[in-house]
Amino acid sequence: MNIPAVEDIAVVGAGPYGLSIAAHLAEKGRRLRVFGTPMETWRKNMPAGMHLKSEGFASTLYDPRSQFRLSRYCKENGIAYADRGLPVALENFSEYGQEFARRYVPMLEERAVKAIRRNGSGFKLTLEDDQIVTVQQVICAAGIARYAHLPPPFNELPGSIVSHCSAYHDLSGFAGKTVAVVGGGASAADYAALLSEAGATTHLLTRRDRLAFHNPPHRRGLRERLRYPFTTIGPGWDSVFYTQLPTVFHAMPSQRRIAITGRHLGPAPCWFVRDTVEKNVSVHTSTKITGVSVQDGKAVLTLDGANANSVTVDHIIAATGYKIDLARLGILDDTLRLDIRTDAAGSPILSPRFESSVRGLYFVGATAANSFGPVLRFACGAEFAARRLARHFQ
Ligand SMILES: Cc1cc2nc3c(=O)[nH]c(=O)nc-3n(C[C@H](O)[C@H](O)[C@H](O)COP(=O)(O)OP(=O)(O)OC[C@H]3O[C@@H](n4cnc5c(N)ncnc54)[C@H](O)[C@@H]3O)c2cc1C
């Protein structure tokens, strides 16, 4: 009988976290299976033409010797690059991630995992083609796309009327249409700006009293640098703490961690979309949507607050964020999922080594942010995760 080999570890996901972790574990000589479409979220769930919010030096993947950072890729390919002040194009970052996969994660299998269940002391993975893989440990690096959050009343409307922004990469299909983007953060502003550039008449509706655009880069004097030291997730001493000491953050009480992770770096659109938004988009601030009805195939949004009137559009794009919910990952078998202890916000409770209450099952990326802090919501958090897991698995 042909008994399948039991590999050590499966990495599920091929974004910045999965790829950086796989590169580190491969160097340690661990027997690995790595699954996922490289940089899929960046290729399918973010709008074409977008620029990254993170600076160049913080928008990178991590190989064990830090030899192939985004700066090196740009140099090799004649792409303009600066550590700070020059926004990174989404297309360049996603091409870079794919090249990183080719160089450092050659074992990557571009197949999705359909189900994960227990198998004795390890796990059994069912792949999209029904192949079964057995492993001792699973590192779940599946990203945020499955966590797209549609709050009421949008979750009660048909998909022809409303969709979450993560459903779109190519916005050209909206040319000539009228679209309402709901939200006040970076994604809302990015989508609104790019929709207007794609030829859509665009409204942006937010409960906030203004869009809090980031300041454009400027020369920072000594005083400002001392008061707000720069980090991979932005300036400020609190960000220094979150980026440098995620293990200390992990030791804080759970409620405090959840509160900090939820509020640190609130909604703030990027400075470089400001002109387009201000010139081309009808921005409705201090606006509450009190109801949405469908009339002749169009959405009529009833508004309250400063702009009490209504707006009629062909489609609503909800830039309403992401909510961690393991059930929505859609790959954890129910028995396994119910054994994973979660915190008050629904995120898995993780050990200092990213292990959940199910022995051998690890979570990284945004799913680990309530454990290790805001840095885990960004690509730059992959450095900490990859190094820590590489030490753990050596
Ligand atoms: C619009 C937008 C803009 C952003 N801009 C920035 C930014 O400028 N800088 C920044 O640092 N962060 C940014 N982020 C946050 C960003 O999502 C995270 O930094 C980053 O994606 C985290 O990497 P990851 O590897 O955890 O997840 P992802 O990049 O989401 O990768 C997840 C991977 O898992 C794979 N996968 C999922 N399910 C399965 C499965 N069942 N089987 C196999 N594979 C699977 C996918 O194919 C994908 O390869 C942005 C997010 C959004 C939505």
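**Entry 1: ligand contacts**

I began at alanine 379, where a backbone N or O atom lies 2.8 Å from an oxygen atom of the ligand. I then asked how much of the ligand the protein buries. Taken alone, the ligand exposes 980 Å², and 91% of that is buried by the protein. I note here that I am working from a predicted model.

I looked up two further backbone contacts. At lysine 53, a polar backbone atom is 2.8 Å from an oxygen atom of the ligand. At glycine 15, a backbone N or O atom lies 3.4 Å from a ligand oxygen atom.

**Entry 2: the shell around the ligand**

I listed 30 residues around the ligand, and those that come nearest are Glu40, Thr41, Lys53, Ser54 and Ala379. Sorted by class, I have 18 nonpolar, 8 polar and 4 charged residues in this shell. Which element gives the largest share of the shell? I find that H2 does, with 3 residues.

**Entry 3: glutamine 98**

I moved on to glutamine 98, which I place in helix H4, residues 90-104. Is glutamine 98 buried or exposed? I score glutamine 98 as buried, because its relative accessible area is 13% and the cut-off for buried is under 20%.

I checked what glutamine 98 touches, leaving aside neighbours within four places in sequence, and found Pro38, Met39 and Arg43. With arginine 43 there is a polar contact, side chain to side chain, at 3.4 Å.

**Entry 4: helix H5**

I took helix H5 next, which covers residues 186-197 and has 12 residues. From the first C-alpha to the last I get 16 Å, close to the 16 Å expected at 1.5 Å a residue.

How many of the residues of H5 are buried? I count 10 of the 12, so by the under 20% cut-off the helix is mostly covered. Among the buried residues I noted Asp190, Tyr191, Leu194, Leu195 and Ser196. The buried list for H5 also includes Ala186, Ala188, Ala189, Ala192 and Ala193.

I then asked what the buried residues of H5 pack against.

Last, I looked at what comes after H5. The helix is followed by glycine 199, and I read a positive phi there, near 100 degrees.

Note on methods: Residues are numbered from 1 along each chain as its sequence is written. This is a predicted model: local features need pLDDT of at least 70, side-chain atom pairs count only at pLDDT 80 or more; totals for chains, interfaces and linings use all residues. Side-chain values use heavy atoms; hydrogens and water are left out. A residue is near a molecule or strand if one of its heavy atoms lies within 4 Å of it. A polar contact is a pair of N or O atoms within 3.5 Å; within protein, one must be able to donate a hydrogen and the other to accept it, and residues adjacent in sequence count only if both atoms are side-chain atoms. Accessible areas come from the Shrake-Rupley method with a 1.4 Å probe; for residues, only the protein chains shown count as cover. Helices (H or I, at least four residues) and strands (E, at least two) are DSSP runs, numbered from the N terminus. Ala, Val, Leu, Ile, Met, Phe, Trp, Tyr, Cys and Pro count as nonpolar, Asp, Glu, Lys and Arg as charged, and the others, Gly among them, as polar. Buried means under 20% relative accessible area, exposed over 50%, partly exposed in between (1.4 Å probe, protein chains only). Contact means heavy atoms within 4.5 Å. The expected span of a helix is 1.5 Å times one less than its number of residues.
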